[in-house]
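Hi,

Here is the structure I promised to pass on. Have a look at it first, and then read my notes below.

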Amino acid sequence: MSTTSLPGHDVEPDGLPTPPASVFGRVHLGYLVIETQRMTDWRRFGVDAVGMHADELDRDTLRFRMDEHACRFLLERGPAEDVTTIGWQLDDHDTFDRVIDRVRGAGVPTAEGTAEQAARRGVERLLRFPGPKGITQEVFTRPVLDEAPPVMRTSRFVTGEGGMGHVALTSTNPAGLRGYYDTLFDARLSDYIDETISGVILKIRFLRVNERHHSIAVASTQGVRLDPIRTRVQHLNVQVAELDDMVGAYQRIKELGFGVALAVGQHTNDRELSFYAQTPSGFEWEVGWNPLVVDEKTWEPVTHRGISVWGHTPVGQTVIDKLNQFRLGLGSLIREEEVVLPLAGAGIEDYVREVAPSAGRAQPGRPGFTGLG
Ligand SMILES: [Fe+2]
């Protein structure tokens, strides 16, 4: 994760100049903390189905490894059945200081992680602060590496420069979420997807903080703001190195009796081939292969119609599931979503050029285009 910089003028790894003090490209999804009571199911899911390495720290703490990092997933016993924390790896102390200055400068409180918290997450030192939807954000620079290779049913997971995958959130305040990650990490918009599901228009914004097409995806319904998902995270994604790894994970998940939410398909925007499994905590887990890598010199954000080129068909969703989702959605109308206003600011609204229906995709957002909020 080496970057170069000239005095008073930052240069990205690809050689393109960025605004002074930008941290874009120096931020990588590092680990996730999941709170669950279902440790045994999670161990089967993570090790036997997805194909990761597991280390049991004690009866109430389980870790999954995907690479040389000692921790990529920390599972702690607790009632949430959800992702509670997102850990971000920053390239160096300079980047760390810039990010923390932004948080503190906005008046948002930060807390130094305890030695025990750092040890459990496999990092040398971390700082914590509030994030959107009540998901704590943590930043660190130095992961603890485990020299012993991970013992896995997957040949390799793709991590490195692009981080360990991505996280997808549903939100009733997508502009606030974009504002938050823009202030914090200089996140860039990769593209939009508009999808109509059961007559409801879903708009998804894809944000990147490095060469990975997106580290955060933010989905919302258009018009009436509904959040039909119980968990704070709708799904998370890990990327496997080989097509056989993805097929193997799919077969094992089905054989072991875990639910498949969406069958294998290919996404329109990052072209990733993937499927979605149901985790023991209820949110979804996407296993993907071969997404494109963003070239900053040529990338232009567009709007895609529909999440998939092919496949990703829902598996086994019942009428009861749909009714339950609708009930949760109605609840979101009276539930206030946490946005960390000092960092979200006024938020960033969506702008896309009006496009002829036959064109299939819109052009890059520029002033004068129609705001879709
Ligand atoms: Fe995804």
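**Notes on the model**

A two-residue hairpin connects β4 to β5 (helices, H or I with at least four residues, and strands, E with at least two, are DSSP runs numbered from the N terminus). Strand β4 (residues 53–58) and strand β5 (residues 61–65) are antiparallel and share five bridges; strands count as paired if DSSP finds at least two bridges between them. One of those pairs is Asp58 with Thr61 in β5.

Before I go on, two housekeeping points. This is a predicted model, in which local features need pLDDT of at least 70 and side-chain atom pairs count only at pLDDT 80 or more, while totals for chains, interfaces and linings use all residues. Residues are numbered from 1 along each chain as its sequence is written.

Now the overview. The chain has seven helices and 23 strands. Of its 373 residues, 44% are buried. By buried I mean 20 or more other C-beta atoms within 10 Å of the residue's own; exposed is 12 or fewer, partly exposed is in between, and the C-beta atoms are placed from the backbone. Among contacts with a separation of 6 or more, 67% link residues 24 or more positions apart (a contact is two C-beta atoms, placed from the backbone, within 7 Å).

On to the core. The largest nonpolar core holds 74 residues, and Leu32, Tyr180, Tyr181, Val218 and Val287 have the most contacts inside it. Such a core is a set of buried Ala, Val, Leu, Ile, Met, Phe, Trp, Tyr and Cys residues joined through C-beta atoms within 7 Å. Strand β3 (residues 27–36) supplies its largest share, six residues. Domain 1 (4–140) and domain 2 (160–334) each give this core at least three residues; the bounds come from an automatic or database domain assignment.

Tyr180 leads us to helix α4 (residues 174–185). Eleven of the twelve residues of α4 are buried, so the rest of the structure largely encloses this helix. Its buried residues include Leu177, Tyr180, Tyr181, Leu184 and Phe185. The cover over them includes β3, α2 (93–105), β11 (166–170), β13 (200–208), β14 (216–221) and α7 (341–344). Tyr180 itself, leaving aside neighbours within four places in sequence, contacts Pro132, Val339, Val340, Leu343 and Ala344. The length of α4 checks out too: at 1.5 Å a residue it should span 16 Å, and its end C-alpha atoms are 16 Å apart (the expected span is 1.5 Å times one less than the number of residues). Just after α4, Asp186 has a positive phi of about 55°.

What about α2: which of its residues are buried? They are Thr95, Phe96, Val99 and Val103. These cover an arc of only 105° around the axis, which puts them on the same side of α2; the arc is taken over the directions from the helix axis to the C-beta atoms. They pack against β7 (82–90), β9 (127–129), β10 (136–140), α4 and α7. The face of α2 turned away from this buried side carries exposed His93, Asp97, Asp101 and Gly105.

Helix α1 (residues 39–50) has Trp42, Phe45, Gly46, Ala49 and Val50 buried. Here the arc is only 120° around the axis, which puts them on the same side of α1. As a reminder, an α-helix has 3.6 residues a turn, so residues three or four places apart point the same way. Among the elements covering the buried residues of α1 are β3, β4, β5, β6 (73–77), α5 (243–255) and β18 (284–289). Gly51 follows α1, with a positive phi near 95°.

Gly113 lies in the loop between β8 (111–112) and α3 (115–121). Gly113 counts as partly exposed because 19 other C-beta atoms are within 10 Å. Glu138 is 25 residues from Gly113 in sequence, with the C-alpha atoms 8.6 Å apart. Trp310, in strand β20 (residues 308–311), counts as exposed because it has 10 C-beta neighbours inside 10 Å. Not counting residues up to four places away in sequence, Trp310 touches Gly265 and Gln266.

Cheers
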